[in-house]
Amino acid sequence: MSVWDANPHIPPPFDKRSGPSRPAPVPLEADGGRGLFLVCQFAYAWGGYPLGDDLFGVNGKLLWCELGAPTADARRLLL
């Protein structure tokens, strides 16, 4: 599954920078901030790509994730 927008900022952990491999849970009383946390809880692989000036707009991004049980080959890559 993938989504895109015109904002160039790729949020962690989709940016693959050092740090936690999953976003921290948000407080129960928070009005938002659960989307990426939920994706990372149910997806076994995810990432983000910056987009150039030609595909979906100026300096946007594409975030993607893979859902479902990983294959044996994919499990080896994730370990």
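Q: Which residues make up the largest nonpolar core?
A: The general idea is that in soluble globular proteins nonpolar side chains tend to be buried together. A nonpolar core here is a set of buried Ala, Val, Leu, Ile, Met, Phe, Trp, Tyr and Cys residues joined through side-chain atoms within 4.5 Å. Buried means under 20% relative accessible area, exposed means over 50%, and partly exposed is in between (1.4 Å probe, protein chains only). In this structure the largest such core has 7 residues: Ile10, Phe14, Cys40, Ala43, Trp46, Leu63 and Cys65. Strands S2 and S3 each supply at least two residues of this core.

Q: Before we go on, what kind of model is this, and how are its residues numbered?
A: It's a predicted model, where local features need pLDDT of at least 70 and side-chain atom pairs count only at pLDDT 80 or more, while totals for chains, interfaces and linings use all residues. Residues are numbered from 1 along each chain as its sequence is written, and side-chain values use heavy atoms, with hydrogens and water left out.

Q: How many helices and strands does the protein have?
A: Helices (H or I, at least four residues) and strands (E, at least two) are DSSP runs, numbered from the N terminus. The protein comes to 2 helices and 3 strands, and along the sequence they follow the pattern β-α-β-β-α.

Q: What is the order of the strands in the sheet?
A: Two strands pair if DSSP finds at least two bridges between them. The open sheet of 3 strands runs S1-S3-S2, with antiparallel pairing. Its edge strands are S1 (2-5) and S2 (43-50), each pairing on one side only. From one strand to the next, the twist averages 15°. For angles, axes are lines fitted to C-alpha atoms (for helices, over the stretch in contact), and values run from 0 to 180 degrees between N-to-C directions.

Q: Which helix packs on the sheet?
A: Helix H1 (residues 35-42) does, touching S2 and S3, and its direction makes about 130° with that of S2. A contact, by the way, means heavy atoms within 4.5 Å.

Q: How many bridges join each pair of strands?
A: S2 and S3 (residues 61-67) are antiparallel over 7 bridges. Within that pairing, Ala45 has Glu66 as its bridge partner, and Tyr49 stands opposite Leu62. S1 and S3 are also antiparallel, over 4 bridges; there, Ser2 is partnered by Trp64.

Q: How far apart are Val3 and Leu63 in sequence and in space?
A: Val3, in strand S1, is 60 residues from Leu63 in sequence, with 5.4 Å between their C-alpha atoms. Leaving out residues up to four places away, Val3 touches Lys61, Leu62 and Leu63. Across the protein, residues 24 or more positions apart account for 54% of the contacts with a separation of 6 or more.

Q: Is Lys61 buried or exposed?
A: Lys61, in strand S3, is buried because its relative accessible area is 6%. Beyond four places in sequence, its contacts include Val3, Trp4, Pro8, Ile10, Tyr49 and Leu51.

Q: Which backbone oxygens lie 3.1 Å from a polar atom of the Lys61 side chain?
A: A polar contact is a pair of N or O atoms within 3.5 Å; within protein, one must be able to donate a hydrogen and the other to accept it, and residues adjacent in sequence count only if both atoms are side-chain atoms. For the Lys61 side chain, the backbone oxygen of Asn7 is at 3.1 Å from a polar atom, and the backbone oxygen of His9 is also at 3.1 Å.

Q: What about Trp46 and Arg34: buried or partly exposed?
A: Trp46, in strand S2, is buried because its relative accessible area is 9%. Arg34, in the loop between S1 and H1, is partly exposed, with 29%. Beyond four places in sequence, Arg34 is in contact with Val26, Pro27, Leu28 and Glu29.

Q: What share of the 79 residues is buried?
A: Buried residues make up 23% of them.
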